[in-house]
Amino acid sequence: MKDLTQAFLWGAATSSHQIEGYNDKNDWWAWENQGKIETGERSGPCTDHLNRFREDLRLAADLGLNSYRFSIEWSRLEPQEGQWSDEAFDWYFELIEECERLGLEPMLTLHHFTLPLWMAEQGGFAWERSPELFGKMTRKVVERLGSKVALWCTLNEPMVLTVGSYLGKFMPPAIYDPEKARMALYHMLKSHVIAYDLIHREIPARKGRWKDNPVQVGIAHNMIDFTVTRSGSIIETWLAEQLHQFYNMTWLDAITGRAQRFRFPLLLTQAPIVSEALGRVTVDYLGINYYTRAQVEFAPKWNGLPVNIGFAKPGEPASDLGWSIHPLGFQKMLKIAGQYRLPVYVTENGIADRTDALRPGYLKDHLRSMIKAQQEGVDLRGYYYWSLLDNFEWIKGFGPRFGLFQVDYQNFARTKTHSAELYQKLIEAHRRQGGDPSSLGVLLESL
Ligand code: FCB
């Protein structure tokens, strides 16, 4: 029988550019240096994780985590097309070996928002060569790091990347270009399918602690609960449904062989599904990133979409980013993911909360929702809190604090939050009770 205490993965998630530091060869670095971050900040040395990864992994292991989700930085591995950095591969290999020593099963993300500058300059994922290049990078990563990795995540939030880069202007190149958005969706799906097949086909003989674990490949997909501001408004209900279909559903449908096209409801356009993905399931699990809901408001404009999307209403509990705290939406999104009858990992869930006042409640309420979804039949296999450390929150800079450990950006000291202690206690108690999924539910109810 499977050891239930190890069966459920308790983790924390990070991404390369948000913590490592000194990533000066990607599109975000260039963008930061053009002054595009709202605060004018640059990622610079960031949390100095590059030099402190052993200490950081030790913090994760001391919480009792048994998994760690991180991403590789493509621009470090391949600073120029076809030129590979041994030093960078060795660093990631050491990171993975350190995870192994500490009992943290690695979940390796191949792409988390940043692109090598040489690739971004050619158009990033809107460039037709991007799937081929993504495939080449994946092949190298599999060859050099694959012997010790069972859990793979090809893309982080491809929908967020598309919207941020080509529609909403909050990620480089920050343009409004629906045609490029279509191309990026198509090429990202193609990249994903290439990587999915390649990992399964070319993974080297597995070694070490997790060598018998089956290889699982998926994506981390962001889901938002779209709700309406004026209940009863037919048009807003319709808009919320359109946004839900576009933002939440099309990627899930595309990677599970159910979609015929990416639907862009309000832009009156569509993107085709790559033929390799038609009618075929190209994931072994679904990774869900969930943070909040969005309130959809009908707002006719002379040009632009007839819609405003807002986060928290005045007075409503919200994070430092103004994202409303809405655990019910988490349960709802997990249930939707569960309908695909695949294993589900929560690959990200967390809150920006500088004082750590709201985070304990956020964590408990979201874990409660997760347990409810599990009791309702969703095959949940793991939960990764976002994030292990405070980090560089993209266009918002260093202001939002998502970490279980706070980072002092003057001296890089890490400080444990109360939430980290709570998370640790919950994990310990869950294990003590044999890792039975329902025991966590009982525990949470008793708090
Ligand atoms: C997600 C991103 C992650 C982080 C959190 C707050 O959309 O995947 O990098 O920025 O939001």
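**Around the ligand**

Me: Which residues surround the ligand?
Reply: This is a predicted model, where local features need pLDDT of at least 70, side-chain atom pairs count only at pLDDT 80 or more, and totals for chains, interfaces and linings use all residues. Residues are numbered from 1 along each chain as its sequence is written, and side-chain values use heavy atoms, with hydrogens and water left out. Counting a residue as near if one of its heavy atoms lies within 4 Å, the ligand is surrounded by Gln18, His112, Phe113, Asn156, Glu157, Asn222, Tyr291, Glu348, Trp386, Glu393, Trp394 and Phe402.

Me: How much of the ligand's 300 Å² does the protein bury?
Reply: Start with the polar contacts (pairs of N or O atoms within 3.5 Å). An oxygen atom of the ligand is 2.5 Å from a side-chain N or O atom of Glu157, and a polar side-chain atom of Trp394 lies 3.1 Å from a ligand oxygen. Taken alone, the ligand exposes 300 Å² (Shrake-Rupley method, 1.4 Å probe). The share buried by the protein is 95%.

Me: Is strand β2 enclosed or open?
Reply: Strands here are DSSP runs of E, at least two residues long, numbered from the N terminus. Since five of the five residues of β2 (residues 67–71) are buried, the strand is largely enclosed.

Technical notes. A polar contact is a pair of N or O atoms within 3.5 Å; within protein, one must be able to donate a hydrogen and the other to accept it, and residues adjacent in sequence count only if both atoms are side-chain atoms. Buried means under 20% relative accessible area, exposed over 50%, partly exposed in between (1.4 Å probe, protein chains only). Helices (H or I, at least four residues) and strands (E, at least two) are DSSP runs, numbered from the N terminus.
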